[in-house]
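Grab the sequence and the coordinates, and let's walk through them.

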Amino acid sequence: MKLLIGYVSMSGNTEDIANLIRHTWQDAGHDVSISDDLESLRIEQFAEYNGVILGTYTWGDGDVPYEAEDFVYDLEESSLNGLPCAAFGSGDTDYPKYCAAVDTVEQAFQTAGANILVPALKIEFDPDTDEKKQACLAFAHTFLQQLEALKKVQPRG
């Protein structure tokens with residue numbers, strides 16, 4: 001399957017999560033594209049993929065980073081027609097709105113009519129412990145399992 005991972009990362013934490021997922025999917029034999037620049041990613045390109053996941057860090061008081069604001073707005077205004085998607089990201093539990101930007105991305109997917117295959121993955125800081133790495137791998141594997149089950153029921157393009 002052809003899969004897309006798009007993300008923004010300031011400290012490298014969300015990038016580390018994206019890379020764990022990418023390696024998991026590539027090791028399973030899938031064609032994975034990855035973009036660390038949501039500003040240059042075009043939503044129209046999503047139609048080329050069997051599944052899309054987007055990641056972000058949370059900024060300020062639960063905000064989407066400024067470099068992803070326009071993209072998330074465009075995502076909300078788009079029509080994804082049931083495209084399999086999911087959101088992921090990193091945050092800091094010391095803030096009251098922990099990983100709220102991840103929730104914003106997931107909501108934008110829902111507004112655009114995406115099929116959310118797995119609940120959003122939220123990792124505190126870097127996936128630097130076995131528990132956090134396992135959460136990332138479980139997210140990646142569950143997304144693939146759900147996508148493969150969906151393909152059996154409803155082939156897409």
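Does F109 count as buried or exposed? F109 is buried, because its relative accessibility is 0%, and the cut-off for buried is under 20%. Keep in mind as you read on that this is a predicted model.

**Around F109**

- F109 is part of helix α3, which spans residues 100-111.
- Leaving aside residues up to four places away in sequence, F109 touches F46, V52, L54, L75, L80, C85, A86, A87, A114 and I116.
- Take S79 as a reference point: it sits 30 residues from F109 in sequence, and the C-alpha to C-alpha separation is 9.1 Å.

**The strands**

- Strand β1 covers residues 2-7, and five of its six residues are buried.
- β1 pairs with strand β2 (residues 31-35) in the parallel sense, over five bridges, and I5 stands opposite I34 in β2.
- β1 also runs parallel to β3, with five bridges joining the two; here G6 has L54 as its bridge partner in β3.
- Strand β3 takes up residues 51-57, and seven of its seven residues are buried.
- Which residues of β3 are buried on each side? On one side they are G51, I53, G55 and Y57, and on the other V52, L54 and T56, so both faces of the strand are covered.
- β3 pairs with β4 as well, again in the parallel sense, this time over six bridges, and T56 stands opposite G89 in β4.

**Helix α2 against helix α3**

- Helix α2 (residues 66-77) packs on α3 at an angle of about 30 degrees, with the axes 7 Å apart.
- That angle makes α2 roughly parallel to α3, since the label applies under 35 degrees.
- The crossing of α2 and α3 is left-handed.
- V72, L75 and E76 from α2 meet T104, V105, A108, F109 and T111 from α3.
- By class, this α2 and α3 contact holds five nonpolar, two polar and one charged residues.

**Helix α1 against helix α4**

- Helix α1 (residues 13-27) and helix α4 (residues 130-153) cross at roughly 50 degrees, and their axes come within 9 Å.
- α1 and α4 are therefore oblique to each other, and their crossing is right-handed.
- On the α1 side the contact uses I17, L20, I21, T24 and W25; on the α4 side it uses K133, C136, L137, F139, A140, H141, F143 and L144.
- The residues of the α1 and α4 contact split into 10 nonpolar, two polar and one charged.

- C99 isn't a glycine, yet its phi is positive, at about 55 degrees.
- You'll find C99 in the loop between β4 (84-91) and α3.
- C99 counts as buried, because its relative accessibility is 1%.
- F125 isn't a glycine either, and its phi is positive too, at about 60 degrees.
- F125 lies in the loop between β6 (121-124) and α4.
- With a relative accessible area of 41%, F125 is partly exposed.

Technical notes: Residues numbered from 1 in each chain as written. Predicted model: local features only at pLDDT ≥ 70, side-chain atom pairs only at ≥ 80, totals over all residues. Heavy atoms only, no water. Axes fitted to C-alpha atoms, helices over the stretch in contact; angles between N-to-C directions. Helix = DSSP H or I, 4+ residues; strand = E, 2+ residues; numbered from the N terminus. Parallel < 35°, antiparallel > 145°, perpendicular 65-115°, else oblique. Left-handed = near helix turned anticlockwise from the far one by under 90°. Contact = heavy atoms within 4.5 Å. Nonpolar A, V, L, I, M, F, W, Y, C, P; charged D, E, K, R; others polar. Buried < 20%, exposed > 50% of the residue type's maximum accessible area, 1.4 Å probe, protein only. Pairing = 2+ DSSP bridges.
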